[in-house]
Structure formats: C-alpha cells, structure tokens
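Open the model in your viewer with the sequence panel beside it, and keep a selection tool at hand. The tour below moves from one selection to the next and says what is found at each stop.

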Amino acid sequence: MLKNYFTIALRSLRKRLGTTALNVVGLAVGLACCLLISLYVLDELSYDEHHEKGDRVVRLALEPGGGRVLTVTPTIAGPILTREFPEVETYVRFTRPSEHTMRFEDRPFQREVLTYADSTVFDIFTLPFVHGTADGALTRPNTIVLTASVAQRHFGDRNPVGETLTVDGDRTFEVTGVIEDLPPTTHLSFDAVAAFETLSWADREIWSSANFHTYLLLQSEAAIGSVERKIPGLIERELGEQTGEFKMHIALQQLPRIHLYANGYITYVYIFGAIALLILLIACINFMNLATARSAERAKEVGVRKTLGAVRPSLVGQFLTEAVLLALFAAVLALILAELALPAFRTLAGKALSTHVLTNPGIVGAMLGLAVVVGLAAGSYPAFVLARFRPVQVLKGSFSTGRQGSTLRKTLVVVQFAVSVALIAGTAVVFQQLDYVQSTNLGFDKEQTIVLPLEEESTFTTLKQTLGQAPGVQHVSAVSTIP
C-alpha cells in the first residue's frame with residue numbers, strides 16, 4: 001500500500017511539474033533562511049557552555065545605582081568573599097585585556113592581547129593545556145601562559161615552555177604553559193595570561209579602587225542566592241553606612257548568562273528568533289496555499305477512485321503522502337542551499353560558524369522532521385476535505401469547495417502578506433539606520449587619520465617631533481585607546 005502511495009504521488013507531482021517546482025523552491029528558500037538564522041541563534045545560546053564548572057561560576061558586578069552596571073570590582077572583593085563565605089570555593093581576578101608588544105629574541109615584535117590573572121584561573125575555567133600543566137603555571141611573578149596561536153607565531157612548532165618573552169620592550173616573562181585557543185563562543189578574550197602577582201598592587205586588598213574582573217567558583221549553583229543575601233551585610237560591616245550618590249552594591253552574574261543577559265545580546269536572540277519563525281510561517285503558508293488551491297483539481301480524481309472502491313482512509317493517506325514527499329524534497333534542497341550560503345552567512349553575521357549543514361546529523365534530522373510536520377499540516381485540508389466528497393456530486397459537476405475552504409485560503413493569504421509587509425518594513429528601517437551609522441559625521445576626517453601602535457610609550461615625544469616635521473602631516477596626538 002505504501003509503495004502504491006509513493007508511486008501515485010510521484011506521478012501526480014511529475015504531472016504538475018511547474019506547480020511542484022514552485023512549491024518546492026518556495027518552501028526550500030524559507031527553510032534555508034530559517035536554518036541559517038537558527039544556526040546564529042544557537043551559536044549565541046552556546047556561549048561559555050564548554051566550561052565544566054560553568055554552572056557554579058559567577059562574575060561580580062557593581063551596581064552603583066541609576067541603572068548602571070560595572071563589571072569591574074575592587075581588588076579585595078574576591079579574597080574577602082572567599083574568606084567570609086563557605087559557599088565560595090575560590091576566586092580569580094582579571095585585569096582589563098589590552099594590547100601589548102611581545103618579542104622572542106631578535107624576531108619582529110607582535111601585538112597581542114594580554115591580561116593578568118590569579119593562578120586559580122585554571123581551577124575555575126576549562127582551559128586545556130597543549131604544553132605544560134596548570135599546576136604552578138601562574139604562581140610566580142613574571143610567568144605567562146600563551147594561547148596556541150600566539151605560541152605558533154613566536155616559537156613555531158616547538159615547545160616554548162621555559163623560554164623567555166619580552167613584553168613592551170623592557171619586561172621579561174617566562175613561558176610556563178600553552179593552552180588551546182579560546183573558542184569563539186566565550187566572553188573571555190585574551191591571547192596570553194600573565195601571573196597576577198607580577199603587578200605591584202596585586203597584594204593590596206582595598207575597596208577604593210575597582211579595576212578588576214572578579215569571578216567566584218561556588219560550592220553549588222544553589223549557593224548563588226545565599227551569597228547574594230550575605231553580601232550587603234558584609235559591605236555594611238566593611239564600609240559602614242553608605243551615603244552620597246555612589247553606593248556600593250555587588251551583584252552576581254552567572255557565567256552562562258553573561259554573554260546573553262549581562263552583555264545584552266539576548267535582545268538579538270529574540271529578534272532573530274522571531275524573524276526565523278516569521279520566515280518559516282510565510283514559507284509554510286505559501287506551501288499550504290498552493291496545496292489547497294490544487295485541491296479543486298483533484299476532485300474528479302477522488303470521485304473516480306471512490307467509484308472504483310477507494311475508501312476514505314486510503315485517500316487521506318494518498319494526499320498526506322504527496323504533501324510530505326513534496327516537503328521532504330524542499331527540505332533536501334534547503335539543506336543544500338544553506339550549505340552553499342554558509343560561507344557568505346559567516347561573513348555577514350561576523351561569526352566563525354564551524355557547523356557544516358549536510359554533515360550534521362542533528363540538523364539534517366531536525367530539517368527532515370520539520371518537513372514531515374509541514375507536509376502533514378499542508379496536506380491535511382485537501383486530504384480530509386476531499387476524501388469526504390460524495391462521488392455522485394463530483395461526477396455530475398456539482399462539486400464545490402465550499403465557503404469554509406475559500407475562507408481558509410483568504411485568511412492564509414492575508415496573514416502571509418501581513419507578515420511579509422512587516423518584515424519588508426523592518427528591513428527598510430534597519431537599512432536606513434545602518435546607512436546613517438556608516439555615513440554620519442563623526443567630527444573628524446577618518447579617511448585622513450592614521451593610527452600607529454607604539455611599542456614603547458616613551459618613544460612618543462621623539463616620534464611626535466619627527467612626524468610633525470614631515471610634509472603632509474598636520475597634527476600628531478596620542479591616546480590610550482582608539483576612539
């Protein structure tokens with residue numbers, strides 16, 4: 001019976017080749033767009049999931065009032081919370097990542113993003129070692145751990161553990177380990193991490209200066225609430241009654257939620273998720289409209305088959321098989337289109353999506369499952385409505401799809417066009433906003449401005465005098481960060 005269904009379905013689809021191609025291509029394009037956007041959303045949702053203890057890691061944040069949130073905390077915050085609260089296992093502090101020049105022997109210097117951190121960084125975060133071990137890697141001043149790509153740039157393929165790097169021209173660091181490159185799905189960002197004890201103020205536990213990113217490793221995820229409730233009492237005991245506009249309040253940000261909620265990217269997830277669903281809705285409605293519109297053409301076929309003894313269940317199965325088969329063709333084409341468009345989509349989204357659509361069993365399975373659902377939904381109207389027609393009415397020519405079928409098609413068309421107009425209008429607004437951002441007057445001529453990174457700040461005075469005398473140079477200035 002099933003083989004017969006497929007044979008008749010293929011014959012029917014081949015007979016109406018133009019309509020079949022239109023339906024398949026329309027649904028395939030919609031599914032491909034939905035799939036690509038879904039890959040972006042899933043990538044956003046996967047940030048920092050690779051850390052084995054991630055569910056127990058929190059970042060401290062200052063909330064001074066007025067809706068402001070600062071992700072830097074005083075030097076004392078991590079140590080005192082660890083000492084005072086048994087729910088806290090350990091802590092790690094990071095300095096703000098910034099570019100520094102690094103050089104090995106007489107090779108050309110490279111600019112790398114460097115941060116300083118406590119040696120407990122490897123106890124809290126999952127940072128696999130390629131060379132060396134986490135034990136003692138950052139326990140001594142002037143020690144540094146490199147990422148694999150940085151080690152490759154400076155040392156090639158050899159093991160650099162024990163070698164010495166020169167940082168910013170006058171400081172030397174011993175390489176004590178090499179870790180794998182940080183995955184793109186993490187909010188951490190550095191090329192190398194040096195021992196926190198190297199800093200002159202590392203042992204100063206004070207409340208008056210907030211310059212460090214502090215993370216805590218808790219005993220359990222459930223301890224978050226307990227620690228949050230205890231913090232106000234600790235601050236009041238340490239600082240007394242706080243007056244004035246600035247009042248120190250420390251909040252806890254769970255590691256898996258930092259990228260989405262603390263950094264505000266959850267808004268983009270909601271927006272793009274809604275767009276993906278709307279595109280899928282348009283494609284499905286278009287698919288259902290074409291399937292419904294063809295139902296009148298199949299009325300006489302149903303009448304003849306019923307006259308020859310076909311029963312209603314077999315007719316329902318036949319129409320559902322055709323719809324599902326059509327949707328499966330569209331799903332396969334959508335997978336191919338998405339795979340071909342993936343390189344361009346990576347560039348557009350600015351993401352290093354490593355997933356290959358055609359070789360990912362989860363994606364292929366999800367697409368085929370979605371195609372089956374869409375096919376069953378689209379084929380349900382012609383299947384159940386046509387299957388109950390009386391052969392006598394159909395063969396006499398008195399067949400009518402009825403008011404119900406007409407209302408359904410009109411409703412689907414209205415919804416489809418409404419959603420399409422909304423998406424087009426939204427796209428136009430976003431395009432205008434991006435054009436404004438790219439063309440607005442920034443207050444300076446960026447085309448005539450050159451930024452030169454300095455290996456040593458002490459060379460600026462000489463460089464300024466030299467460049468100021470060069471023809472074509474109007475002004476020379478220095479800033480700590482690029483505007």
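What follows is a walk through the chain as a whole and then through several selections.

This is a predicted model, in which local features need pLDDT of at least 70 and side-chain atom pairs count only at pLDDT 80 or more, while totals for chains, interfaces and linings use all residues. Residues are numbered from 1 along each chain as its sequence is written, and side-chain values use heavy atoms, with hydrogens and water left out.

**The whole chain.** Begin with a cartoon view, where the protein chain shows 14 helices and 13 strands (DSSP runs numbered from the N terminus, helices being H or I with at least four residues and strands E with at least two). Of the 483 residues, 40% are buried, where buried means under 20% relative accessible area, exposed over 50%, and partly exposed in between, with a 1.4 Å probe and protein chains only. Among contacts (heavy atoms within 4.5 Å) between residues at least 6 apart in sequence, 77% join residues at least 24 apart.

Select residues 88-94, strand S4, which is largely enclosed by the rest of the structure because 6 of its 7 residues are buried.

Now select Arg-93 and Asp-118, which form a salt bridge whose closest N and O atoms are 3.0 Å apart (a side-chain nitrogen of Lys or Arg within 4 Å of a carboxyl oxygen of Asp or Glu). This pair links distant parts of the chain, 25 residues apart, with Arg-93 in strand S4 and Asp-118 in the loop between strand S6 and helix H4. Both residues are buried.

Move to Glu-87, in the loop between helix H3 and S4, which counts as buried because its relative accessible area is 13%. Its side chain makes a polar contact with the side chain of Ser-226 at 2.7 Å (a pair of N or O atoms within 3.5 Å; within protein, one must be able to donate a hydrogen and the other to accept it, and residues adjacent in sequence count only if both atoms are side-chain atoms). Beyond residues up to four places away in sequence, Glu-87 touches several others, among them Leu-217, Leu-218 and Lys-230.

**Two further salt bridges.** Which residue meets Arg-83 in a salt bridge? Select Glu-205, whose side chain meets that of Arg-83 at 3.1 Å, N to O. The two are 122 residues apart, Glu-205 lying in the loop between strand S11 and S12 and Arg-83 in helix H3. Glu-205 is partly exposed at 35% relative accessibility, whereas Arg-83 is exposed at 52%. Turn next to Arg-171 and Asp-168, whose side chains meet in a salt bridge at 2.8 Å, N to O; Arg-171 is partly exposed at 29%, and Asp-168 is buried at 18%.

**Thr-172.** Select Thr-172 in strand S10, residues 171-179, where this threonine is partly exposed with a relative accessible area of 48%. Not counting residues up to four places away in sequence, Thr-172 touches Asn-142, Thr-164, Leu-165 and Thr-166. Met-102 is 70 residues from Thr-172 in sequence, yet their C-alpha atoms are 9.4 Å apart in space.
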